[in-house]
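Hi everyone, thanks for coming along. I'd like to walk you through a structure that may be new to you, so please have a look at it first.

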Amino acid sequence: MSSIKETRDLAAFGKRLAELRRVHGYTQESLAEQAGMTAHSLALIEQGKRWPRLTTLHKIAKTIGVPTKELLDGLKQ
């Protein structure tokens, strides 16, 4: 069972990822393809329904052209 904080963090992360994806000119489909994942998986992450694996997080950041840390900015510890 998820805690309220984890649920909030998951939603905030998904929102941040979607924002960065759009700013850098990617559609869900194009980012997913270039990062080696399905658009469905990316959609679930952006909707705050699933955390990405660490390797996936790195691939997304590399594809977008930002440090991995930038994807996590705004999450409170």
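**How the helices meet**

Let's begin where two helices touch: Q28, E29, L31 and A32 of α2 meet A39, L42, A43 and E46 of α3. By contact I mean heavy atoms within 4.5 Å. Sorted by class, this contact has 5 nonpolar, 1 polar and 2 charged residues. Here Ala, Val, Leu, Ile, Met, Phe, Trp, Tyr, Cys and Pro count as nonpolar, Asp, Glu, Lys and Arg as charged, and the others, Gly among them, as polar.

Before going on, a word on where this comes from. This is a predicted model, in which local features need pLDDT of at least 70 and side-chain atom pairs count only at pLDDT 80 or more, while totals for chains, interfaces and linings use all residues. Residues are numbered from 1 along each chain as its sequence is written, and side-chain values use heavy atoms, with hydrogens and water left out. Helices are DSSP runs (H or I, at least four residues), numbered from the N terminus.

Back to our pair. The axes of α2 and α3 come within 8 Å and cross at roughly 115 degrees; these axes are lines fitted to C-alpha atoms over the stretch in contact, with angles from 0 to 180 degrees between N-to-C directions. The two helices α2 and α3 are therefore roughly perpendicular, a term for angles of 65 to 115 degrees.

How do α2 and α4 pack? Their angle is about 115 degrees, and their axes are 9 Å apart. On the α2 side, the contact is made by L31, Q34 and A35, and on the α4 side by K59, I60, T63 and I64. That contact has 4 nonpolar, 2 polar and 1 charged residues.

Let's stay with I60, which sits in helix α4. Is I60 buried or exposed? I60 is buried, with a relative accessible area of 1%, where buried means under 20% (1.4 Å probe, protein chains only). Leaving aside residues up to four places away in sequence, I60 touches L17, L31, A35, M37, L42 and L71.

Helix α1 itself covers residues 4–23 and reaches 29 Å from its first C-alpha to its last, close to the expected 28 Å. That expected span is 1.5 Å times one less than the number of residues. After α1 comes G25, with a positive phi near 80 degrees.

Terms used:
Buried < 20%, exposed > 50% of the residue type's maximum accessible area, 1.4 Å probe, protein only. Parallel < 35°, antiparallel > 145°, perpendicular 65-115°, else oblique.
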